[in-house]
Amino acid sequence: MSVTTVPHINLRGQARAALAFYQAVFGGELTQVTYAQMGNLQDPADADHIIWGQVVAANGFRIMACDVAAATAWHQGENAFFVSLRGNDADEIAAQWHQLSEGGVIQQPLAPAPWTPLYGRLKDRFGVVWVVDVASAAA
């Protein structure tokens, strides 16, 4: 099994522009999904904002980004990033999740999500926020 770790930046209404900028700089394939497309629309103001996006370039560059939902507190420079851990083996990802969570705080339990067999978010004992998921065809 292989896993990848990727910086995941959190913005407010600028994820689309940021991802386009990074694609222009590094090349690669751009993928973007809005809150409306995901069917996760809690506030109409979020409809066209990016719930998840990424740029993946052949040269090895990879970054993810999202627009923090309007109902979620966000200030530029605070909670500005996550580390994304993604793999294709649910058992191995679950084991890594449990190890990362020791001494930390689970923010969203590891469980099935509409886009993946497993997704969760935690803050480890060092204050680093990890988003953990199993890669799927939709992801």
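Me: Is H8 buried or exposed?
Reply: In this predicted model, the relative accessible area of H8 is 6%. A residue counts as buried when that value is under 20%. H8 is therefore classed as buried.

Me: Which residues does H8 touch, not counting those up to four places away in sequence?
Reply: H8 is placed in strand β1. Its side chain has a polar contact of 3.3 Å with that of N10. With residues up to four places away in sequence left out, the residues touched by H8 are W52, M64, A65, C66, A80, F81 and F82.

Me: What is the strand order of the open sheet?
Reply: The sheet has eight strands with mixed pairing. Its edge strands are β2 (29-34) and β6 (105-113), each pairing on one side only. Neighbouring strands are turned against each other by 20° on average, direction ignored. The order is β2-β3-β4-β1-β5-β8-β7-β6.

Me: Which residue is the bridge partner of V56 in β4?
Reply: Strands of a sheet can pair in a parallel or an antiparallel way, through backbone hydrogen bonds. Strand β3 (residues 50-56) and strand β4 (residues 62-67) pair in the antiparallel sense, over four bridges. In β4, the bridge partner of V56 is R62.

Me: What angle does the direction of helix α1 make with that of β3?
Reply: Helix α1 covers residues 15-26 and packs on the sheet. It touches β1 (3-11), β2, β3 and β4. The angle between the directions of α1 and β3 is about 5°.

Me: At what angle to β8 does helix α3 run?
Reply: Helix α3 (residues 90-101) lies across β1, β5 (81-87), β6, β7 (116-123) and β8 (129-134). Relative to β8, helix α3 runs at about 165°.

Me: Which side chains meet in a salt bridge?
Reply: Side chains of opposite charge can pair when their charged atoms come close. A search of the whole structure finds one salt bridge, with an N to O distance of 2.7 Å. It links distant parts of the chain, strand β5 and strand β8, with the two residues 47 apart. The side chains are those of R86 and D133.

Me: Are R86 and D133 buried or exposed?
Reply: R86 lies in strand β5 and D133 in strand β8. Both R86 and D133 are buried.

Me: What distance separates the centres of domain 1 and domain 2?
Reply: The domain assignment gives domain 1 as 8-67 and domain 2 as 83-134. Taken over C-alpha atoms, the separation of their centres is 20 Å.

Notes. Residues are numbered from 1 along each chain as its sequence is written. This is a predicted model: local features need pLDDT of at least 70, side-chain atom pairs count only at pLDDT 80 or more; totals for chains, interfaces and linings use all residues. Side-chain values use heavy atoms; hydrogens and water are left out. Two strands pair if DSSP finds at least two bridges between them. Axes are lines fitted to C-alpha atoms, for helices over the stretch in contact, and angles run from 0 to 180 degrees between N-to-C directions. Contact means heavy atoms within 4.5 Å. Domain bounds come from an automatic or database domain assignment. Buried means under 20% relative accessible area, exposed over 50%, partly exposed in between (1.4 Å probe, protein chains only). A polar contact is a pair of N or O atoms within 3.5 Å; within protein, one must be able to donate a hydrogen and the other to accept it, and residues adjacent in sequence count only if both atoms are side-chain atoms. A salt bridge is a side-chain nitrogen of Lys or Arg within 4 Å of a carboxyl oxygen of Asp or Glu.
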